[in-house]
Structures are given as C-alpha cells and as structure tokens.
Amino acid sequence: MNRKIEDNLLKKSIIIVWIILLIFSMLGIIVEASSTITIEPAENQYFEFRAAKINNIGEDNKQVIMELWGHNIDFKRV
C-alpha cells in the first residue's frame, strides 16, 4: 500500500514540474516577441574602439585593455 502511494506521489510531482516548465517557457516566448526599431545614426554619431593600455604578461605574451567610446549617442534602452 505504501509503495502505491509513493508511485502516485511521484507521478503527480513529475506532472507538476512539467506544468511549471511549460508555463515558464510560454512566458519566455512572450517576452522575446517584442519588436525592435532600427534608428540610423547621424554623421556626428559614431563609436570609437581604442587600445587604452598594453601590459606585458610573462616573457612573450601581452594583454591589451580596450575602450569603447561613443560620440553623441543617445540610448533609448539597452
């Protein structure tokens, strides 16, 4: 009798987990379905990629620290 109750409980718990995963996946699809608008930049709006610092690592290796600079950029959202 105890084994039958455990099997029933296991089946119910598996069904509950599947329902929860299904709900989360449905919510994820709705969130990802937002539309995007592309805005063309003006001539004075641009990004600049600069090497800021070069570090020597060991004898033969170098590490380059890079910076990304934005000029006249207004972000609506990220």
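Start by selecting Arg50 and Glu48, whose side chains meet in a salt bridge with an N to O distance of 3.0 Å. The model on screen is a predicted one. Side chains of opposite charge can pair when their charged atoms come close. Arg50 counts as partly exposed, at 30% relative accessibility. Glu48 is also partly exposed, at 27%.

Next, colour the strands. Strand β1 covers residues 46-57 and strand β2 covers residues 61-71. How many bridges join β1 to β2? There are 11, and the two strands run antiparallel. In a regular strand the side chains alternate between the two faces of the sheet.

Move to the turn of this hairpin. Three residues lie between the strands. Pick Gly58 here, which takes a positive phi near 70°.

Now zoom out to the whole chain. Its secondary structure comes to one helix and two strands. In what pattern do they follow along the sequence? Read in that direction, the chain goes α-β-β. Of its 78 residues, 0% count as buried.

Go to the helix, α1, which spans residues 2-32. Select Arg3 and Asp7, whose side chains form a salt bridge at 4.0 Å, N to O. Why can these two be reached from one another along the helix? Arg3 and Asp7 are four residues apart in α1, so about one helical turn separates them. Is Arg3 buried or exposed? Arg3 is exposed, with a relative accessible area of 58%, while Asp7 is partly exposed, at 31%. The structure holds two salt bridges: this one and the pair of Arg50 and Glu48 where the tour began.

Stay with the helix and select Ile15, which is found in α1.

The last stop is a search for aromatic pairs. A pair of aromatic rings is described by the distance of the centres and the angle of the planes. How many aromatic pairs are there in this model? The count comes to zero.

Notes
Residues are numbered from 1 along each chain as its sequence is written. This is a predicted model: local features need pLDDT of at least 70, side-chain atom pairs count only at pLDDT 80 or more; totals for chains, interfaces and linings use all residues. Side-chain values use heavy atoms; hydrogens and water are left out. Rings of Phe, Tyr and Trp (its six-membered ring) pair if their centres lie within 6.5 Å; planes under 30 degrees apart count as stacked, over 60 as edge-to-face and the rest as tilted. Two strands pair if DSSP finds at least two bridges between them. Buried means under 20% relative accessible area, exposed over 50%, partly exposed in between (1.4 Å probe, protein chains only).
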